[in-house]
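Reader: I am new to this structure and would like to go through it step by step. Could we begin with how its parts are laid out?

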Amino acid sequence: MGKLLFWLVLVALAMLAMKLVAIGQRRREAARDEAGVPGAQATSPRASGKAQRAGEPGGEMMVRCEQCGVFLPASDAFVDGGHHYCDPAHRDAHRARQHRR
Ligand SMILES: [Zn+2]
């Protein structure tokens, strides 16, 4: 009898976990739909905005600032000669340091 109860609890927990995952997924999809739905307007200006949208896990490449070593999304980084920087000032500082060598 105790074994049956154990399995019932296990199944209930599994179902609860699956439900939580499904809710989380639906919420994420709803947020995505909300951002993209106003479809009456032209979609082309929105398409360019979508590429810049950060915060999507796994979709954004992280790069390292050559000057201070901080990590930031590639879309937020300033790129110069294959190097990434968190700030134009850091790009200039790093460039000046390299020229001095
Ligand atoms: Zn920096």
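Author: One definition is needed before the helices are discussed: the expected span of a helix is 1.5 Å times one less than its number of residues. Please also keep in mind that the model is a predicted one.

Reader: In what pattern do the helices and strands follow one another along the sequence of the protein chain?

Author: The protein chain holds three helices and four strands. Read along the sequence, they are arranged in the pattern α-α-β-β-β-β-α.

Reader: What distance does helix α1 reach from its first C-alpha to its last?

Author: Helix α1 covers residues 2–36, which makes 35 residues, and at 1.5 Å a residue a reach of 51 Å is expected. The model comes close to that expectation, for the distance from the first C-alpha of α1 to its last is 51 Å.

Reader: How many of the residues of α1 are buried?

Author: A residue counts as buried if 20 or more other C-beta atoms lie within 10 Å of its own. Helix α1 lies largely in the open, because among its 35 residues the number that are buried is zero.

Reader: How many buried residues does α3 have?

Author: Helix α3, residues 88–100, should span 18 Å with its 13 residues, and its end C-alpha atoms agree with this at 18 Å apart. Helix α3 is hardly covered, since its count of buried residues is one.

Reader: Over which residues does pLDDT stay under 50?

Author: The average pLDDT of the protein chain is 82, and 76% of the residues score at least 70. Where pLDDT is low, the predicted coordinates should not be read in detail. The stretch where pLDDT stays under 50, with two contacts beyond four places in sequence, is residues 41–52.

Technical notes:
Residues are numbered from 1 along each chain as its sequence is written. This is a predicted model: local features need pLDDT of at least 70, side-chain atom pairs count only at pLDDT 80 or more; totals for chains, interfaces and linings use all residues. Helices (H or I, at least four residues) and strands (E, at least two) are DSSP runs, numbered from the N terminus. A residue is buried if 20 or more other C-beta atoms lie within 10 Å of its own, exposed if 12 or fewer, and partly exposed in between; C-beta atoms are placed from the backbone. pLDDT is the predictor's confidence in each residue, from 0 to 100. Two residues are in contact if their C-beta atoms, placed from the backbone, lie within 7 Å.
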